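Subject: Structure handover

Hello,

Here is the structure I promised to pass on. Please open it first, then read the notes below it.

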Amino acid sequence: MTSELPKAYDPKETENKIYQLWEKSGFFNPDKFPGRRKKTYTIVMPPPNITGELHMGHALNATVQDILIRKKRMEGFKTLWLPGIDHAGIATQNVVERELKKEGKTRFDLGREKFIEKVWQWRTKYGNAILEQLKKLGASCDWSRTRFTLDKDYIKAVERAFLHYYKKGWIYQGKRVVNWCPRCQTSLSDLELEYKEEKGKLWYIRYPLRDQSSSTRTGLVVATTRPETMLGDTAVAVNPKDKRYENLIGKKVILPIQNREIPIIADEAVDKKFGTGAVKITPAHDLTDWEIGQRHKLEAPLVINAAGKMTKESKVCEGLTPLLCREKVIKELEKNNLIAKTEDYSHSLPYCDRCHSLIEPIPSKQWFLKMEKPAKTAIKTIKSGEIKFIPKNFEKIYFDWLKNIKDWCISRQLWWGHKIPIEGENDVLDTWFSSALWPLAVFGWPTKTKDLKTFYPTDVLSTGRDIINLWVARMVFSGIELTGQAPFHTVLIHPTVLTKEGKKMSKSLGTGIDPINLCEKYGADSTRFGITWQLMKGQDVRFTEDNIIMGRKFCNKIWNASRFLLMQKPPLIDADKLCRLTQIKSKNLTSADKKILKELDKTIKSVSKDLEDFQFGRASHILYDFFWHDFCDIYIEKSKEQNDEKTKEILFYVLLTSLKLLHPFIPFITEEIYQKLPINNKKQCLMIEEWPV
Ligand SMILES: [Zn+2]
């Protein structure tokens with residue numbers, strides 16, 4: 001029964017072997033547990049994009065979820081961690097378009113059908129790479145239940161949800177100014193933009209008053225960062241409370257170059273402090289101006305088209321890019337002495353976060369979901385405590401967004417995605433429309449499947465803060481609206497992994513770290529332990545490799561201690577008897593025996609509580625201190641003096657219990673050692689051993 005451990009721990013050899021053992025056991029799948037388990041514990045993995053590559057954020061989130069799942073599995077729950085992949089509409093379409101570009105082709109050369117075929121080919125080739133990487137980390141997901149957001153069943157779920165909202169009258173088509181990417185040829189949500197701070201200019205342009213005597217040449221001065229859009233102006237607006245312009249409201253100015261009369265209007269939305277307090281209104285090319293235009297029934301001539309070129313309406317600039325048009329407009333204004341002054345001006349400009357083209361706001365016909373009622377539902381669910389945010393302060397991001405919510409533009413002019421289920425409609429749905437259904441669609445909703453009944457609602461959603469609005473809020477109202485039940489009871493917002501200096505990790509800047517490289521170099525357990533070690537008090541992680549190295553030292557310590565104990569040729573250990581031994585506090589126990597058993601008991605309680613409270617870092621520190629200090633430094637040393645059968649039993653009892661407690665954090669090495677322990681009634685794997693109480 002007893003087998004010795006090799007002298008040094010080799011993660012590479014162990015990890016592959018052990019992962020195969022787990023997969024073969026079938027215990028990742030909740031239907032395959034021995035015995036009957038009633039209470040479920042379910043986590044649905046946030047599906048990575050098929051274009052994604054594993055980064056430290058994924059590694060952290062996978063570690064956290066795996067710790068939760070492994071502990072609950074040992075506590076006797078019917079645990080399911082369901083993995084999957086998101087089709088990631090715009091992101092994937094862009095990747096494949098870039099591939100095509102290498103052959104000098106665009107998606108339009110291929111046509112829709114051929115292009116989509118090409119994306120599917122790409123998906124087959126690369127689509128599961130990221131899940132394979134998660135296996136390397138030790139993720140104990142039920143791979144037999146892997147879902148993809150474009151699976152046939154999933155398409156049914158999306159259509160049903162759309163229809164549900166449609167029948168309620170919450171879906172409508174409308175014309176709005178949207179964020180438009182002239183390259184992707186699609187509308188984008190505010191959340192799909194990236195902003196770059198840029199040094200620009202603020203031009204102060206004089207619009208002559210219609211009724212001005214020709215001797216004064218002052219006119220009304222407006223400030224703008226985009227003079228080219230003035231060709232589409234239909235008003236000048238001031239704040240109604242602005243005393244400087246009181247007398248001008250209702251009068252008219254002459255729009256230079258176009259030589260059109262446009263009114264001076266008053267609107268609360270105008271910021272008195274910006275520029276001169278008078279602003280030009282271009283309803284077709286600015287989101288705020290569009291709303292002001294709607295309120296004042298202004299026309300909205302289009303001067304920039306969907307391809308990002310100046311239109312016929314712009315007259316003198318037709319066919320030019322907006323930037324060239326800007327130069328021409330400024331020259332013309334200067335010639336007529338209509339530029340009062342210019343200032344340097346820094347502002348942030350929106351870019352498409354997929355292809356990095358400058359966004360052009362333009363009016364376009366789109367599908368919208370009315371957000372008034374869904375937002376109320378989403379707010380109520382958190383306020384009532386039905387769903388808890390951890391840490392609680394992230395509720396604020398959620399509430400702030402929902403309280404100022406606008407209707408959700410759910411259509412995209414892309415090819416890769418869920419087609420809007422309306423006849424003759426070619427647009428696809430915003431990727432997040434299907435992602436919002438993830439926790440129910442993965443179980444087969446709207447079909448009343450056994451899985452839906454068993455595993456929905458799920459327990460914990462663990463995700464990053466950047467998608468609280470994009471995703472979490474939308475899952476909450478979708479779940480309640482479509483099933484009557486919140487999709488989970490806890491939203492765990494995990495810390496962000498930053499560079500050592502506290503900056504955002506970025507692959508393009510070379511500051512990103514590939515967790516798979518860390519696994520290759522130090523082993524998956526060391527990587528997991530090093531990450532977990534830093535999860536303290538919800539603070540962001542300033543990543544240093546030192547912690548992973550510390551994790552490796554700890555793994556080696558556990559290995560060496562276990563090896564030392566196994567070399568003592570212990571008798572077959574009866575775990576039940578050992579449990580009793582600790583409870584009796586037998587007279588035969590020395591003070592060292594009593595101390596280690598007491599410390600072990602304390603450790604069990606603290607680690608169990610910390611994991612219930614999602615205090616992963618603290619739990620790992622407690623385990624480290626206990627194992628290294630109380631067990632190795634003190635008790636194992638002492639045992640060399642005591643050297644009797646009872647001491648041996650205690651040594652193995654403490655070791656076995658420690659392995660169980662450590663298993664969720666460092667599953668591979670603990671499993672490997674467990675397999676070598678001489679125990680009576682040994683389970684097939686440590687993975688399904690009982691959690692110590
Ligand atoms: Zn784009």
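Start with Lys315, which lies in the loop between helix 8 and helix 9. Helices (H or I, at least four residues) and strands (E, at least two) are DSSP runs, numbered from the N terminus. Phi of Lys315 is near 50°, a positive value in a residue other than glycine.

Some ground rules. This is a predicted model, in which local features need pLDDT of at least 70 and side-chain atom pairs count only at pLDDT 80 or more, while totals for chains, interfaces and linings use all residues. Residues are numbered from 1 along each chain as its sequence is written, and side-chain values use heavy atoms, with hydrogens and water left out.

Cis peptide bonds

Ile390 and Pro391 are joined by a cis peptide bond, with omega about -10°. Pro391 sits in the loop between strand 15 (388-390) and helix 11 (395-403). Another cis peptide bond joins Trp445 and Pro446, with omega about 10°. Look for Pro446 in the loop between helix 13 and helix 14 (450-455).

A helix pair

How do helix 2 and helix 20 cross? The axes of helix 2 (residues 56-74) and helix 20 (residues 591-612) come within 11 Å and cross at roughly 125°. Axes are lines fitted to C-alpha atoms, for helices over the stretch in contact, and angles run from 0 to 180 degrees between N-to-C directions. Helix 2 and helix 20 are therefore oblique to each other. On this scale, angles under 35 degrees count as roughly parallel, over 145 as roughly antiparallel, 65 to 115 as roughly perpendicular and the rest as oblique.

In the contact (heavy atoms within 4.5 Å), Ile67, Leu68, Lys71 and Lys72 of helix 2 meet Ser608, Leu611 and Glu612 of helix 20. The residues of this contact divide into 3 nonpolar, 1 polar and 3 charged. Ala, Val, Leu, Ile, Met, Phe, Trp, Tyr, Cys and Pro count as nonpolar, Asp, Glu, Lys and Arg as charged, and the others, Gly among them, as polar.

Cavities and a pocket

On a 1 Å grid over the protein atoms alone, a cavity is a set of points where a 1.4 Å probe fits but cannot get out, and a pocket is an open set with protein on both sides within 12 Å along at least five of seven lines; lining residues have an atom within 4 Å of a point. Grid points are joined across faces, edges and corners, and a volume is the space filled by probe spheres set on the points.

The whole structure holds 2 cavities of 30 Å³ or more. Among the lining residues are Val44, Trp438, Trp471 and Phe488. Helix 13 (438-441), strand 19 (460-463) and helix 15 (468-483) each supply at least two residues of this lining.

The second largest cavity also has a volume of about 40 Å³. Gly89, Ile90, Glu192, Arg412, Leu414, Asp430 and Thr431 line this cavity. By class, they are 2 nonpolar, 2 polar and 3 charged.

Last, the second largest pocket contains about 1,400 Å³ of space. Its lining has 44 residues, of which Thr225, Arg226, Asp286, His347 and Leu349 lie nearest its centre. Strand 7 gives the most to the lining, with 7 residues. By class, the pocket lining has 21 nonpolar, 12 polar and 11 charged residues.

Best wishes
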